[in-house]
Amino acid sequence: MIIMSPLKLLAITLFIFSVSAGQLKAQSNGSAQAPCPSLPPNPTDFPNIKQFLAYLVIQAFKLTITSDPLNITKTWVGTKICDNDDINTYRGFFCDTPPGTNDLTIASIDFNGFHLCAPTIDGFINSFPDLALFHANSNKFSGTVPNLLGLSYLYELDLSNNKLFGDFPINVIPLSGLAFLDLRYNYFQGPVPPPIFLIGYEALFLNNNFFDSSIPANLGSSPVEYLTLANNRFIGPIPVSICNTSSTLLEVLFLGNQLSGCLPYEIGYLRDITVFDVGSNKLTGPIPLSFGCLSNVQQLNLAQNYLYGIVPDVVCQLAKTGNLVNLSLSDNYFTAIGANCWDLLHTNVLDVRRNCIPGLPHQRPFKECAWFSILPKLCPLVPYMPCEAHPGRHNTTCYNDWFSHFDHNPPMPFLPHHATFNQPGKGKGGN
């Protein structure tokens, strides 16, 4: 039994009605006249029934579009839906043959930059059962995301920069083949469901919405390469399970939220990361020395938080031994920088404006620094690095929660900032 969407049923009803009306008109004139050219084509005018059904869906959707500044829909005429060589025919629609069939049908829809406006995409996108790709960046589609569970081939879904709203579209979670999900710049809200990090995404873009609550603790279960959660309303800590993404994660953007707590030591496991951005949050504590293991990081943004202490020399060394080209630490409460960090000031790699570092220009007023200095400091110093063998430290296992990690890896005694792990005899501050 085939279940059709309301739009498709409406389109078929209109088609049957128009054909019947044409026949009655011909009979009333007492002659067998040819059908009116404005009548919809017959199913036999298409190579297969799938293309005919697609035609009905497209025409029904066309009637709902309220704005089309580029005159895209004027090309949605005729029976050549799959004539992809003709750019003037059915712009935005592309055909292919689904696995196991010989029927050429709609396989991808690319509306990027078309600026179409419609009150909903329900009954449209979910009426193409063989759809593998749907891109609709920079339109004005509204409503909620429809049920997509019937799209078994879908692997790319881009709904960014529209006017969609509602909770996170949980009906995308069972789409196990979905590798690319882009919901940026919409009006989605509420929590992000934990199962979203169990899907094999390569790219997950959720930024510039109104998602709130904490980031699910199972973040580390995701094999994602590009993760963007920026400019939402996320609260709470960065999940320490992020260390389990070390074999895949290349870029992660947490900036512009309300994340709090300490910077997790486990971030040091992300040895392939090239961009790590947690700017404009409420994070606190010192920078863990494990950040010195981020040998591939190019952009490291920790600005506009409540971080304090000494900027570790091992982090600044990444500009010489690694790929670091930008280290943004402005608008924090750091009180000193390592020796190698001074060199980065002259090359504009390091930005430490509006901190509490004596002798540097553009720092916070003394009263602000004094106020912060008397606040309780709850973040532990974790002075070991997972990328090197340190005295007395052999277990560098990545755990999924903060408590498990420190049950197995209690913090080592404090090491002065001039001590090095390769010179254990200098661990007490003397020569």
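F61, W76, Y90, F93, F111, F114, F124, F128, F134 and F141 come together as one aromatic cluster. Keep in mind that this is a predicted model, where local features need pLDDT of at least 70, side-chain atom pairs count only at pLDDT 80 or more, and totals for chains, interfaces and linings use all residues. Residues are numbered from 1 along each chain as its sequence is written, and side-chain values use heavy atoms, with hydrogens and water left out.

What makes a pair? Rings of Phe, Tyr and Trp (its six-membered ring) pair if their centres lie within 6.5 Å; planes under 30 degrees apart are stacked, over 60 edge-to-face, and the rest tilted. By this rule there are 29 aromatic pairs.

F276 sits in strand 16 (residues 275-277) and F291 in the loop between strand 17 (282-285) and strand 18 (299-301), so their pair ties together parts 15 residues apart in sequence. Strands (E, at least two residues) are DSSP runs, numbered from the N terminus.

F124 has 0% relative accessibility, so it counts as buried. F128 is buried at 3%, F276 at 1% and F291 at 0%.

Now for charges over rings: NZ of Lys or CZ of Arg must be within 6 Å of the ring centre and within 35 degrees of the ring normal. R364 lies over the face of Y333, 4.1 Å from the ring centre, and K377 lies over the face of Y308, at 5.7 Å.

Note on methods: Buried means under 20% relative accessible area, exposed over 50%, partly exposed in between (1.4 Å probe, protein chains only). Helices (H or I, at least four residues) and strands (E, at least two) are DSSP runs, numbered from the N terminus.
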